[in-house]
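Subject: Handover of a structure for your review

Dear colleague,

Please find below the structure that I am handing over to you, followed by an account of what was found in it.

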Amino acid sequence: MDNDFSKPQRESAFGIIIMGAHTLIKIVKASFFLFIIAFVKMSSTSFIYLIMSILAIILISFVFAYLSYLKFTFFLDKEKQEFVVNKGIFNRDQVIIQLDKIQQVNINQNILQKIIGVYGLKIDTAGAHGEEVSIKAIDETSAYNLKEHLLNSKNVTEVPSETIHEPHKAEEAPFLRISTWTLFKVGLTSNYGQSLALLTAFFYTLIYEGRQLFDAFKINKDEIQNAITGMLTIVTVFILIACLLIVLLIINLVRTFYKYFELEISEHKNTLLLSSGLIAKKNTLISPNKVQITKYSQNYFQKKMNMLNMSLKQAHFGQSKKGHEMQGNTLEIPGCNAGERDELLKMILGKSPLRGKTFIPDWRFLNLPIFFKLILPIVAFLIMAFNIPEVKPYISAAIVYFMAGILMIYISYRRHRISVSQDFIIKTSGIWDISNEIVAPNKIQAITTFQYPWHKGVDVGHLTLHTAAGQIHFKYGNYTAIKQLVNYWLYQVECKNENWM
Amino acid sequence: MSTETFFTNEVIDLDLLPKYEEIQLNRPHPDYWKIICINLSIFFGLLGLGLGSLLLFVDEFKPNAVWIIPVYLALIIIFFLLFRLSFKKRGYAVRTHDVIYKSGIIAESTTIVPLNRIQHIELNEGIFSRIYKLGSLQLFTAGGQSGHIHISGVAIEEAKSIRDLLLKKLELLENPITETEA
């Protein structure tokens with residue numbers, strides 16, 4: 001293949017297989033249970049039709065894949081600094097991406113692509129859909145070549161002084177590598193929430209689809225329900241909970257390993273190259289100046305083990321994307337130690353962030369959470385308890401809830417603070433996972449301040465900083481100080497006219 | 001870019017910076033209140049029509065009239081009061097480098113958008129706004145839904161001149177950048 005991509009070209013011919021398989025998997029996923037039901041209930045005469053329809057689906061998806069392969073071309077417009085993609089089977093679509101608007105380039109390989117020996121390349125801008133361009137099959141050298149071109153042309157537009165430093169830096173030498181042991185610790189200590197959500201979603205589909213199966217097989221649901229409720233004694237409930245916790249932990253470990261196996265970060269000509277993945281290898285390239293919010297978080301266990309999770313948030317317009325954690329606009333780097341964090345921060349932000357003047361919230365911060373999360377539910381619970389005799393023995397639970405709640409709200413109050421220096425704003429918050437979000441003032445898009453009328457006398461107010469990657473709130477601060485800060489940030493944003501992306 | 005080269009790192013006296021909170025804000029045009037009233041009247045008119053026809057023609061519904069009519073009337077009063085209050089609280093100002101918008105019935109919130117962060121500008125005119133020669137101006141940033149300003153009830157001439165002013169400034173901001181890039 002030629003090297004400069006200036007002429008329109010197709011992706012690798014293997015792309016037909018990849019795309020065909022892709023559509024096929026989608027269809028199978030959507031109609032999996034339908035097939036099972038059909039399979040079981042079908043009389044033998046119509047069996048042949050089923051096979052034929054399956055074959056037809058396979059054929060159609062590959063014909064479509066072939067057509068879209070023919071129509072899919074891409075090239076690099078050097079003059080205009082644009083990447084142009086033509087696609088569409090029946091209608092002609094043209095996607096044009098300005099090179100300096102590219103946020104990240106992903107080079108992936110899933111199992112099928114690994115077998116065939118091709119790579120997938122995705123280009124991500126700040127647009128609403130996430131991946132604007134996805135090339136499904138491209139051989140390795142072309143993929144890295146194209147990546148190089150996409151980034152090199154970007155270097156031209158950037159400040160030339162950066163390129164002078166270039167030769168001194170060791171290229172491609174990863175300065176951060178997450179070992180298997182660290183990954184194991186990460187899996188044990190973080191991201192429970194996501195795994196829990198995954199588990200819930202899994203059980204939900206299981207129950208939902210299971211019900212449809214029962215309906216299909218006309219199995220008596222009441223019998224099963226009786227059997228289940230019969231099994232539920234206190235001991236079995238505890239065993240069940242323990243089992244669930246272990247399953248959760250295992251899922252967490254597997255997920256962590258799947259996503260972050262052999263995570264490496266290297267610096268590559270002004271850009272960061274992140275690569276990770278157990279089965280499907282993912283390579284992500286981002287330029288540090290496109291990172292809007294840099295965040296690191298740590299909980300108690302992780303503190304003891306000297307590790308923390310980092311995430312780099314990039315701009316996203318419109319709705320935030322779900323289920324695209326690694327590929328989306330937030331890049332997660334789990335399990336780095338303090339030294340690696342500082343190095344990474346220095347790379348992304350230009351210098352290591354210093355904590356400046358720290359602002360803490362007023363004690364009134366406690367009022368609303370205590371009222372809405374403690375007093376209101378407890379009063380409701382007590383009213384219920386005094387009216388329903390069955391609930392009465394559990395009244396002591398209210399005390400436990402109250403104590404735990406007070407403690408958590410108090411911790412969140414103690415942790416909630418914002419620290420401002422000339423170059424950075426660092427917002428600290430959290431109860432269990434304590435997170436630090438770092439923003440440079442030139443990434444601020446808009447500022448909102450607000451105050452309740454009853455706080456006017458005590459000079460307490462709230463602050464929201466809007467950035468392209470989300471908001472940063474500081475609540476119940478000294479309003480005079482907040483106003484002063486706002487004036488200062490406005491001055492910083494407005495006098496320099498720096499680029500935020 | 002020239003500011004960069006002359007950049008010195010002196011301590012800035014925060015008290016000498018221009019204060020956003022002391023700016024005299026422009027109020028929405030008085031005619032805008034009429035538009036709010038028209039919109040509310042249409043809404044409650046339709047609601048009243050629906051309820052009225054239900055009460056008149058559906059016999060099972062008739063006993064409920066005792067509480068429906070007072071609630072309906074109370075809602076009208078509450079809505080008009082709330083909108084009147086929010087109308088009174090709104091204010092906007094355009095400074096050399098940013099736009100300020102203040103609103104809120106209970107909590108007064110002030111949003112400031114620096115001009116060099118504006119992505120695009122929208123000027124809308126509704127049917128009733130046209131009658132009173134008013135328009136609403138929207139300023140969008142990359143900060144998503146929350147980071148955008150919607151100023152309604154501005155006299156159309158004024159809105160247009162603000163829009164032109166902002167566009168001119170945006171162009172001025174864009175031009176030096178494109179020159180350095182080329």
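I begin with a pair of helices in chain A: the axes of helix α13 (residues 367-387) of chain A and helix α14 (residues 396-415) of chain A come within 10 Å and cross at roughly 175°. Angles over 145 degrees count as roughly antiparallel, and α13(A) is therefore roughly antiparallel to α14(A). Please bear in mind throughout that this is a predicted model.

Which residues form this helix contact? On the side of α13(A) they are Pro369(A), Ile370(A), Lys373(A), Leu374(A), Ile378(A), Phe381(A) and Leu382(A). They meet Ala398(A), Tyr401(A), Phe402(A), Gly405(A), Ile406(A) and Ile409(A) in α14(A).

Another helix of chain A, α10 (residues 234-260), contains Val237(A). Is Val237(A) buried or exposed? A residue with 12 or fewer C-beta neighbours within 10 Å counts as exposed, and Val237(A) is classed as exposed because it has 11 inside 10 Å. Between Val237(A) and Ile58(A) there are 179 residues of separation in sequence and 46 Å in space, taken from C-alpha to C-alpha.

Chain A also holds an open sheet of four strands in the order β1-β2-β3-β4, with antiparallel pairing. The edges are taken by β1 (9-10) and β4 (93-98) of chain A; each has a single partner strand, so one side of each is left without a neighbour in the sheet. The partner of β4(A) is strand β3 (residues 82-87) of chain A, and the two pair in the antiparallel sense over six bridges. Within this pairing, Lys87(A) stands opposite Asp93(A) in β4(A).

Turning to chain B, there are five helices and six strands, and from the N terminus on the elements run α-α-α-β-β-β-β-α-β-β-α. Of the 182 residues in chain B, 23% are buried. Among contacts in chain B with a separation of 6 or more, 49% are between residues 24 or more positions apart.

An open sheet of three strands in chain B has the order β4-β5-β6, again with antiparallel pairing. Here β4 (118-124) and β6 (149-155) of chain B stand at the edges; with a single partner strand each, one side of each is left without a neighbour in the sheet. On average, neighbouring strands of this sheet are turned by 20° against each other, direction ignored. Strand β5 (residues 134-141) of chain B pairs with β6(B) in the antiparallel sense over five bridges, and Leu137(B) stands opposite Ile151(B) in β6(B).

Finally, I come to the meeting of the two chains, where 29 residues of chain B are in contact with 28 residues of chain A. On the chain B side, the elements that give two or more residues are β3 (108-114) and α5 (156-181). The most comes from β3(B), with seven residues. The residues of chain B that touch chain A divide into 11 nonpolar, 12 polar and six charged.

The two chains are also linked by strand pairing: strand β19 (residues 444-451) of chain A runs antiparallel to β3(B), and five bridges join them. In this pairing, Thr448(A) stands opposite Thr111(B) in β3(B).

With kind regards

Methods. Residues numbered from 1 in each chain as written. Chains lettered and ligands numbered in written order. Predicted model: local features only at pLDDT ≥ 70, side-chain atom pairs only at ≥ 80, totals over all residues. Contact = placed C-beta atoms within 7 Å. Nonpolar A, V, L, I, M, F, W, Y, C, P; charged D, E, K, R; others polar. Pairing = 2+ DSSP bridges. Buried ≥ 20, exposed ≤ 12 C-beta atoms within 10 Å, placed from the backbone. Axes fitted to C-alpha atoms, helices over the stretch in contact; angles between N-to-C directions. Parallel < 35°, antiparallel > 145°, perpendicular 65-115°, else oblique.
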